[in-house]
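Work through the exercises below with the sequence and the model side by side. Try each task before reading its solution.

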Amino acid sequence: MLEVRDLHVQYGRLVALRGVSFSIAEGEIACIVGPNGAGKSTTLLTVSGVLKPTRGEVIYDGKPISGLSPEAIAGLGVTQVPEGRHIFTGLTIEENLRVGAALRRDRDETRKDMERIYETFPILGQRKTQAAGKLSGGEQQMLAIGRALMSRPKLMTIDEPSLGLAPKIVDRVYEVLTELRASRGLTLLIVEQSSERALKAADRLHVLRNGEMQLSGRAADLKDGAEVHKAYFGFTKEHSGEVMI
Amino acid sequence: MEPNSPFQRTLREFWPLLILSALVTAVVVIIQAFGDPIVSRSLTEALIRLVVVVALFIFIGNSGLMSFGHIAFMMIGAYATAWQTMPVMTKGIFAPGLPEYLLQNSHHWIPATLIGGVAASVVALVAGLALMRLSGIAASIGTFAFLMVFYSFYLQWSTWTAGQSSLVGLPMTTTPWVGLVFSLVAIAVAFFYARSRFGLALRASREDAVAAQASGVNVQVQRLIAFVVSAFLCGLAGGLYGHFLGLLTVDTFYLPLTFITIAMLVVGGMNSLSGAVVGTLFVSFAIEILRVLERGVTVGVPVKLPANSAEVGLGIILLLVLIFRRTGITRNQEIYWPWKPVVSVSSVTRRQS
Amino acid sequence: MAFALQVLIDGLSLGSFYALAALGIGLLFGVLKLINFAHGAFITFGAYALILPSAATEATLGIGALPAIPLVILIVGVVVALALLSEFAVFRPLRDSSPATLMVGSFALGFVIQNLIIMIYGGRPKAVGLWSDLSAGVTLMEGVSVPKLQLIIIGVTISLMLALVFFLKKTRWGIHMRAAAEDFRMARMLGVKADLVIMLAVAISGMLAAAVSLLYVVQTGILDFRMGVPMMLFAFIATVVGGMGSLVGAVAGGFAVGMLSILLQTFLPSDIRAYRDVFVFLVVIVVLLMRPQGLFLSSAVRERV
């Protein structure tokens, strides 16, 4: 469904990605983990068309999309829940959801989708006319996911859904995401810093460090963790003391 | 010559100062050699503006804050100087509200201009205590409001400033040579300020205010120092301007002059002293050409542009620079020693900024 | 009582101008982070569009001679066209620049437009009689007679504001515009058509400028190439006082500045009255220092200044 080939991205002179490749099959939950500054958010922003690669390409449904504008990519069914959620705090919850449906013209269906989201997240339905800025962190995360769903995406990318949330709420978020895959056949690309949490939910795991893909594999094959640890930190657990500076 | 002899090292270090001073001096000498009185007047005006633009650079270029208020300092300096130098007779008629001492005495323009500069910097010190607490857009709006406060005030303060009409009878002492001397002083002040620890600290805060603060730089104080120094030069320029025009009108010190001086700085490249100097020379020259075309010339066929073409042209030049070459003519770099690549830490950091 | 009403209506009608201009400026600041120094020039341009292009001292009405409805449509069209042209030629190429660069850019744009006006129409003020019968007085109550025009100005302003609120709160494009104003990149990632939204905001800002042009010419009867500038300056004050980026704040700020001006005008001792503008501009600096988020909104601060 999505294929990223030899992606290079730079911020000015700073190189963020150097030749990242991976692919995601339809209906899969893929997870990219990696330490701070590995290039995870850069990867997602490039997939969404906010950043332009200096080399390489992003192929979605067989077509290259890396030259398209963010709104055009959204139009193809790729939506993002960015790091920090970025809900529109000055808009009401309902208005946030309406912006999520920016590309749709089918009023009745849109309305129905909105009701479905209120069913999934009852707290949003109860407070739909309130300013979104008044929601708690976990509720904002739900709203950000709900807003992304309003576009009826085929591929949803999520940047650090657990950031700043209590463990219980993180569990709930992942529960919802797994349900969504089951109920809608949604393909998910999740980015996380903590690999354990991601390992549990993902079908496929990618480890990114220093702008390079260190390891890609089926999550089931990576359960023991030693390999992931090495890819993540660049050294194995046993030798960590020596290599660390 | 030894490539690293102390003499050459000094030469290299002071090269931007030397080359810019030489450039301005050469322009003045060449134009004066032709002796055209009209061109000579334009030259004087350009040199006065150069002082203002260099002053703007000291503040804007080093702090990274845009200021729309510096023309107020020029106005404060201009009037403060005129109150001292006007002939006693005209003072009583046009500025009857002046204190007795000023009404009875008239001073030489040189000490008067210096006092004008001091007056401007005192105002800058007081206003800066408040304004320098602002950052970003708020700072720009604040300086703009500052200009409006003083403009509105001087416009109404008719017993001192003649309000809507003019103070007249100022001795016309500002020649191109006077303008040159003050320009060279301004360039030197800007050069040595930028090299001083104050200039360095302020530029550090421009690049990263938090990091600069963490390493012990008091951003507010550093901004204030630059504000006061630049206000002093603007005050001097104001004094010169009065003695160039021979009369003072509050309206002279308003948005058009603000615009022209900012345009000069931005067109040249607002983060370098070379940008301030080159921008002023370039824009003055462009305006002069357009003015000539406005009056009409015959180059094979008669060419005559409509009135105000110079202003429209200047606006378009500025827009083109902003859109296509944001760092200005000089790309925000100083003019460096051209013969041998200089690799020293200070020059490398300066090139990047 | 009668006197208080008179002052109130004077303040509201002056405040209407500032509120309309502040809305135009506030809208672009919200969406583009642009402090539009060219807004005053837009206003002036709309006023001059009423007469035929000529440097003659006598003004000859062009569009201004048409019946009211086509006149309003054409003037609004002219200013909107100018605003959109500015968007394509200047604002869009500068979109990713710093706010300071944008400010200098719009300053340059305003300077160009103003000088083009002088080039075409000459620099002398011109008298224009447009709808002068509106200056006739209306008696509201015993001893209170105000020009019909003042009531129309207040009415037009309130209607335009309500229409704008409806547009922003209830329509699809309005909601997109608010979303884009708050978080431009996020809005685009959700499929909001960024360029269209910005063009729409620029066009509405032009429309509001045109409203000021018309009302102002009817009230003063004079065309002057500087006429938009004071309007714009007071509108800046209004947006700062109301909180940059807040449209409700801009309107409230506009009316507050209008009322304050009239009150100072009425109650200051005559020897200080001349310095009214000095006080008003000092207010800006004080507000920036004390409450950079504006005087009226405590929460929902959209844009940090």
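pLDDT is the predictor's confidence in each residue, on a scale from 0 to 100. You will need it at once, as this is a predicted model.

**Exercise 1. Find which element of chain C has the lowest mean pLDDT and which has the highest.**

Solution. 
- Step 1: Start with the whole chain. Chain C has a mean pLDDT of 88, and 97% of its residues reach 70 or more.
- Step 2: Go element by element. Strand 2 of chain C, residues 137–141, has the lowest mean, 77. Helix 2 of chain C, residues 39–48, has the highest, 96.
- Step 3: Over residues 298–305 of chain C the pLDDT is below 50. Beyond near neighbours in sequence, this stretch still has 16 contacts in the model.

**Exercise 2. Decide which chains share the most contacts, and describe the chain B side.**

Solution. 
- Step 1: There are 2 pairs of chains in contact, and chains B and C share the most contacts.
- Step 2: Chains A and B do not touch, and their nearest C-alpha atoms are 12 Å apart.
- Step 3: Count residues in the contact of B with C. Chain B gives 33 and chain C gives 35.
- Step 4: Find the helices on the chain B side. Helix 8 (136–156), helix 14 (255–268) and helix 16 (309–324) of chain B each supply at least two residues. Helix 8 of chain B gives the most, 13 residues.
- Step 5: Sort that side by class. It holds 23 nonpolar, 7 polar and 3 charged residues.

**Exercise 3. Describe how helix 14 and helix 16 of chain B pack.**

Solution. 
- Step 1: Take the geometry. Helix 14 and helix 16 of chain B pack at about 35°, with axes 10 Å apart. Their crossing is left-handed.
- Step 2: List who meets whom. From helix 14 of chain B come B:Ile260, B:Ala263, B:Val266 and B:Val267. They meet B:Leu314, B:Ile317, B:Leu318, B:Val321 and B:Leu322 in helix 16 of chain B.
- Step 3: Check the classes. This contact has 9 nonpolar residues, no polar and no charged ones.

**Exercise 4. Trace the open sheets of 4 strands and of 6 strands in chain A.**

Solution. 
- Step 1: Order the sheet of 4 strands. In chain A it runs 2-1-4-5, with antiparallel pairing. Strand 2 (14–24) and strand 5 (63–64) of chain A are its edges.
- Step 2: Inspect one pair. Strand 1 and strand 4 of chain A pair over 5 bridges. There, A:Glu3 has A:Ile59 as its bridge partner.
- Step 3: Helix 1 (residues 40–47) of chain A lies across strands 1, 2 and 4 of chain A, at about 65° to strand 2.
- Step 4: Order the sheet of 6 strands. In chain A it runs 6-7-8-3-9-10, with mixed pairing. Strand 6 (78–81) and strand 10 (212–218) of chain A are the edges. The twist averages 15° from one strand to the next.
- Step 5: Inspect a parallel pair. Strand 3 and strand 9 of chain A share 4 bridges. A:Ala30 stands opposite A:Arg204.

Notes
Residues are numbered from 1 along each chain as its sequence is written. Chains are lettered from A and ligands numbered from 1 in the order in which they are written. This is a predicted model: local features need pLDDT of at least 70, side-chain atom pairs count only at pLDDT 80 or more; totals for chains, interfaces and linings use all residues. Two residues are in contact if their C-beta atoms, placed from the backbone, lie within 7 Å. Ala, Val, Leu, Ile, Met, Phe, Trp, Tyr, Cys and Pro count as nonpolar, Asp, Glu, Lys and Arg as charged, and the others, Gly among them, as polar. Two strands pair if DSSP finds at least two bridges between them. Axes are lines fitted to C-alpha atoms, for helices over the stretch in contact, and angles run from 0 to 180 degrees between N-to-C directions. A crossing is left-handed if the near helix is turned anticlockwise from the far one by less than a right angle, and right-handed if clockwise.
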